[in-house]
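This report covers the nonpolar cores, the chain contacts and one group of strands in the structure shown here.

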Amino acid sequence: MTRLRNLFAAPAAALMLVTIGVPAGIVCVYSVLSRGAYGGVELPWTLENYSRLIDPLYGGILVRSLALAAAATVICILLGFPLALFIAQSGTRKNLYLSLVILPFWTSFLIRLYAWMFLLRDTGLINTVLQSLGLIRQPLPLLYNNGAVLLGLVYGFLPFAVLPIYATLERLDKSLLEAAADLGARPIAVLTRVTLPLCAPGIGAAAILVFVPCLGTYITSDLLGGSKTILIGNLVQNQFSTARDWPFGAAVSIVLMIVAVLLMFTVRRRGEELL
Amino acid sequence: MEDILELRGLSKQFATHRAVHDVSLAVERGAFFSLLGPSGCGKTTTLRLIAGFEAPTAGEIWLNGSRIDALPPFRRNVNTVFQSYALFPHLTVLGNVEFGLRHVPVADAEQRVRRVLEQVQMSDKQSRKPSELSGGERQRVALARALVLAPDVLLLDEPLSALDPQLRKQVRAELKALQRQTGVTFLFVTHDQEEALALSDRIAVMRGGEVEQAGTPQELYQTPRTRFVASFLGEMNWVDGIGIRPECVRVALEGFPNARPGRIAHTTFLGPHRHFTIQLDGGELVTAQTGAAVQFANGETVQVSWDPADELRFSS
Amino acid sequence: MKRGLAVYAVAIYAFLHLPLLILAIFSVNASRFTAWQGFSLQWYAAMLADRDLLESAGNSLAIAVASTALSTVIGTLAAYSLWKRASNWLAGGLYLSLVTPEIVTGVSLLALFQWAFRYVDFRLGMHTVILAHVSFSIAYVVVVVLARLRGFDPALEEAAQDLGATEFAAFRRVTLPYLAPAIAAAAMLAFTISIDDYVITSLVAGVDSQTLPMVIYAMARRGVSPVLNAVSTTIVVLLGTLVLLSERLRRA
């Protein structure tokens with residue numbers, strides 16, 4: 001019995017090792033080396049890359065990224081919970097409503113961001129409509145700022161929030177809600193005193209699934225934020241392309257990784273997992 | 001009659017507990033043999049050890065003269081009827097039954113399948129899928145699937161427990177008839193003592209991973225060797241450390257020599273019998289079984305007695 | 001409260017779907033400006049005439065097919081192995097792969113390749129992209145297949161072995177047929193992830209191979225273009241159909 005199981009796990013395990021384990025090690029090593037003259041890395045060893053992160057210049061980027069990710073997470077959960085509730089209570093049409101949530105999510109993140117570019121720019125649909133209705137005279141600067149990035153993040157990751165919350169709601173023992181009603185609780189009270197607390201694991205999972213990718217987002221800020229909104233993801237990408245400072249990029253990556261792993265461990269529960 | 005299956009000092013130790021300990025049994029060829037005991041007694045683990053889904057920590061398993069405890073399940077000539085029947089949902093009845101006949105020539109296989117389907121009376125449903133069958137029908141398919149491979153021993157893991165009581169009696173009779181008809185050795189696991197008594201040629205009563213006693217139903221019922229076996233099979237009264245069966249207890253208004261006085265505490269009408277629960281003057285409760293014609297009122301004073309020859313005494 | 005929720009749901013669904021619908025509408029707008037000037041398919045014609053676009057689409061397709069095949073097989077086997085006996089290392093690694101920000105994954109893989117290329121005579125290209133795609137798709141395949149396995153009665157495999165099938169034959173003849181819908185759904189999922197990936201692909205693709213997302217991204221950075229509207233709509237419709245099919249299969 002054991003041999004087959006080990007044989008089956010081997011390719012995945014090997015691949016994980018090679019594409020996650022080894023690269024993580026390499027990036028760790030790079031983060032304590034110095035920048036090479038033509039890109040790449042070279043000796044001497046140094047901790048300078050990490051100390052640079054405390055510089056106020058980079059501190060601002062860090063704070064902005066954390067703030068945006070946190071805001072996006074909160075908004076996604078606030079918007080997502082009622083929708084998950086709706087789907088869970090919708091009886092026979094559950095699958096339809098779920099598909100309607102999953103559909104936009106899987107059809108090209110890039111294109112969905114582009115759609116907002118189309119809507120928000122100065123000559124875009126929203127501004128054109130508002131101007132033709134006479135509500136404004138000059139186009140509103142809707143694109144290329146933090147607000148647009150936040151909108152893009154929420155739009156992109158809302159389904160990520162809905163699905164885990166829905167999964168938890170689905171598995172809820174309905175007789176608990178009936179018991180609460182039987183004991184005199186009105187619908188709102190049942191929601192706040194029974195449903196919400198029992199939903200906590202799902203909400204936690206949703207928070208992680210939204211916050212971590214938002215923290216490391218790259219294309220959202222690049223397309224919707226223009227050059228004014230630099231987040232951690234853009235910083236890292238920059239170091240590996242134009243700035244050619246691999247060690248510094250590696251250091252920032254490591255920090256981002258550590259934050260992701262820490263958050264993962266705090267929220268991950270046994271039994272309430274995808275894996 | 002030679003033994004087709006022999007367990008010698010079989011033990012299975014799990015990380016947290018000892019499931020089977022030093023079990024030694026011999027099963028005769030063509031017998032209907034039952035492993036009987038409460039849940040957790042190790043009977044299912046013993047079955048799984050014989051089938052090959054668990055490896056023993058000690059002991060040997062001999063089948064038809066050769067040792068099999070080191071062989072994987074697919075190399076042992078035993079087949080199992082699982083408690084949940086485990087029918088393959090993506091195959092029809094026919095597909096399920098012929099599943100194990102891969103290495104048999106086609107004509108031969110067809111004939112065997114046809115015959116066994118007739119034996120379990122499922123020939124007309126062979127193109128149905130398991131989801132379209134009733135519980136009883138599924139069990140018959142599970143039986144057919146195992147029997148078609150002509151195993152040396154057929155292992156049955158509580159096959160009747162998933163059926164409703166009325167169906168159970170009927171299927172029980174069919175099972176016994178099938179065993180007689182095919183002549184295959186059945187090793188039957190159950191916690192239902194009535195079932196075991198009705199079906200078996202021999203029974204092994206298990207408790208806590210060990211065999212308390214093995215013998216014919218009559219031997220176990222009339223001459224139990226331990227208190228546990230005595231209590232587990234049929235009903236038992238315990239008075240002053242002596243055991244006496246309810247059907248051996250005599251109740252009358254008039255005194256017998258050595259009779260004890262008592263008062264009727266409770267009456268239960270069971271159809272063909274009546275059960276009287278009597279509180280003796282010493283405080284003990286005794287249950288007596290009588291014919292339905294016998295009637296006493298609650299609270300009536302009666303005399304209780306029995307034949308000393310029917311007493312069961314145990315050392316512990 | 002039910003009615004309030006329903007109204008809310010409509011609003012959210014509108015929020016989620018309207019932008020794409022609007023894009024689709026404007027992809028058949030004869031004018032390249034926001035003002036509507038009649039129905040026209042000229043932008044679709046322009047899209048089909050763009051050689052670079054078509055070549056990159058071909059690359060993306062080839063990469064997606066290859067990485068889907070590999071990741072589906074490896075992922076299914078891994079899911080089965082995890083179902084048989086939980087492994088904290090494997091499960092943890094897969095979870096990490098799901099949760100890690102794309103930029104970190106991309107950068108790590110780039111570092112890996114550049115380091116490896118000092119010892120092996122290779123460059124960045126389609127093969128490195130395929131390897132990257134396989135590695136991040138596996139976790140998604142495992143999630144889908146494992147979910148299906150949780151509803152599978154282990155007694156079925158034991159029954160198969162009891163009837164003479166070896167371990168592998170039992171897996172092949174009993175478990176695999178049961179898993180078929182989930183495997184198909186997982187494959188479609190892996191396909192859509194691969195087709196759409198930008199961040200990781202752009203880092204490990206090198207200069208010679210362009211994928212469709214890379215071309216789209218470059219166009220989007222230059223600003224809005226009606227050809228891009230047409231491309232977007234086409235992709236959304238194709239992928240959307242694939243995703244719906246996948247969901248149907250997963251629930252079969």
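The largest nonpolar core has 153 residues, and A:M117, A:V210, C:V145 and C:A186 touch the most other members. A nonpolar core here is a set of buried Ala, Val, Leu, Ile, Met, Phe, Trp, Tyr and Cys residues joined through C-beta atoms within 7 Å; buried means that 20 or more other C-beta atoms, placed from the backbone, lie within 10 Å of a residue's own. Helix α7(A), residues 146-171, gives the most to this core, with 15 residues. At least three residues come from each of domain 1 (1-40) and domain 2 (52-250) of chain C, with bounds from an automatic or database domain assignment. Another core, of 75 residues, lies apart and includes B:Y85 and B:L199.

The model is predicted: local features need pLDDT of at least 70 and side-chain atom pairs pLDDT 80 or more, whereas totals for chains, interfaces and linings use all residues. Residues are numbered from 1 along each chain as its sequence is written, and chains are lettered from A and ligands numbered from 1 in the order written.

Chains A and C share the most contacts of the two chain pairs in contact (C-beta atoms, placed from the backbone, within 7 Å). Chains A and B do not touch, their nearest C-alpha atoms being 9 Å apart.

Strands (DSSP E runs of at least two residues, numbered from the N terminus) pair if DSSP finds at least two bridges between them.

| Strands | Sense | Bridges |
|---|---|---|
| β14(B) and β17(B) | antiparallel | four bridges |
| β14(B) and β15(B) | antiparallel | seven bridges |

B:P261 has B:Q303 as its bridge partner in β17(B), and B:T267 stands opposite B:F276 in β15(B).

Technical notes
Buried ≥ 20, exposed ≤ 12 C-beta atoms within 10 Å, placed from the backbone.
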